[in-house]
Amino acid sequence: MYTSGTEPTARTAVKTALVYLLLSLFCVLFGAVYELFSHGVYSFSMIYAFVFPLAGGALPVLLLGVCKMKKYPGSAARHLYHSGIAALTVGSIMQGILDIYGTTNALIRIYWLAGIALLTAGVVAYLLSLFEKQKR
């Protein structure tokens, strides 16, 4: 396992934003292909699954890199936030698959709850690290 001793920089933020943009593109292509073979049935959850990695992932990370924040989020905050975006994206795709198939499942709510909880935990961890830095 490789661990870096350096702090994340604006370059790291740009790389992360690029990964999120590629994930958004994958979600668009996946949704288009899936709905192409769905015999005219479509789902808004599937169509708009790309929004989570784009608006929730690429834009905030890119803004952190462009604004040259003095304190880039620590690894715990980043991992929580990225996991939240992943849970929301997968939850949206799964909801779309179930909508197109014509069924429901109560367990889909867990994706949304876990995604929101993880996003919130990531943001709170980042804000706490900012306040901790100001105290010093």
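Contact here means heavy atoms within 4.5 Å. Helices (H or I, at least four residues) and strands (E, at least two) are DSSP runs, numbered from the N terminus. This is a predicted model, in which local features need pLDDT of at least 70 and side-chain atom pairs count only at pLDDT 80 or more, while totals for chains, interfaces and linings use all residues. Residues are numbered from 1 along each chain as its sequence is written, and side-chain values use heavy atoms, with hydrogens and water left out.

**Exercise 1. Work out how helices α1 and α4 meet, and which residues make the contact.**

Step 1: Start with the geometry. The axes of α1 and α4 are 12 Å apart, and the packing angle is about 5 degrees. Axes are lines fitted to C-alpha atoms, for helices over the stretch in contact, and angles run from 0 to 180 degrees between N-to-C directions.

Step 2: Classify the angle. Angles under 35 degrees count as roughly parallel, over 145 as roughly antiparallel, 65 to 115 as roughly perpendicular and the rest as oblique. α1 and α4 are therefore roughly parallel to each other.

Step 3: List the partners. From α1 come T16, Y20, C27, F30, Y34 and E35, and they meet H82, I85, T89, I93, I97 and I100 of α4.

Step 4: Sort them by type. This contact holds 8 nonpolar, 3 polar and 1 charged residues. For the sorting, Ala, Val, Leu, Ile, Met, Phe, Trp, Tyr, Cys and Pro count as nonpolar, Asp, Glu, Lys and Arg as charged, and the others, Gly among them, as polar.

**Exercise 2. Describe the packing of α3 against α1 and against α4.**

Step 1: Take α1 (residues 10-36) with α3 (residues 51-66). Their axes lie 8 Å apart at an angle of about 165 degrees, which makes α1 roughly antiparallel to α3. The crossing is left-handed, a label used if the near helix is turned anticlockwise from the far one by less than a right angle (right-handed if clockwise).

Step 2: Read off the residues of this contact. On the α1 side are A10, A13, V14, T16, A17, Y20, L21, L23, S24 and C27, and on the α3 side P53, L54, G57, A58, V61, L62 and G65. By type, the contact of α1 with α3 has 13 nonpolar, 4 polar and no charged residues.

Step 3: Turn to α3 with α4 (residues 75-101). These axes come within 9 Å and cross at roughly 160 degrees, so α3 is roughly antiparallel to α4. The crossing of α3 and α4 is left-handed.

Step 4: Name the second set of partners. α3 supplies F52, P53, G56, G57 and P60, and α4 supplies Y81, I85, L88, T89 and S92. The contact of α3 with α4 divides into 6 nonpolar, 4 polar and no charged residues.

Step 5: Look at burial within α3. P53, G56, G57, A58, V61, L64 and G65 are buried, where buried means under 20% relative accessible area, exposed over 50%, and partly exposed in between (1.4 Å probe, protein chains only).

**Exercise 3. Find the surroundings of L119 and P60.**

Step 1: Find what L119 touches. Leaving aside neighbours within four places in sequence, L119 is in contact with L80, Y81, G84, I85 and L88. The C-alpha atoms of L119 and Y81 are 4.7 Å apart, although 38 residues separate the two along the chain.

Step 2: P60 belongs to helix α3 and, at 27% relative accessibility, counts as partly exposed. Beyond neighbours within four places in sequence, P60 contacts A55 and Y81. From P60 to A13 the C-alpha distance is 9.4 Å, at a sequence separation of 47 residues.

**Exercise 4. Inspect the backbone at H39 and K68.**

Step 1: Most residues other than glycine have a negative phi.

Step 2: Check H39. Its phi is positive, near 60 degrees. H39 lies in the loop between α1 and α2 (44-47) and is exposed, at 78% relative accessibility.

Step 3: Check K68. This residue follows α3 and has a positive phi near 50 degrees.
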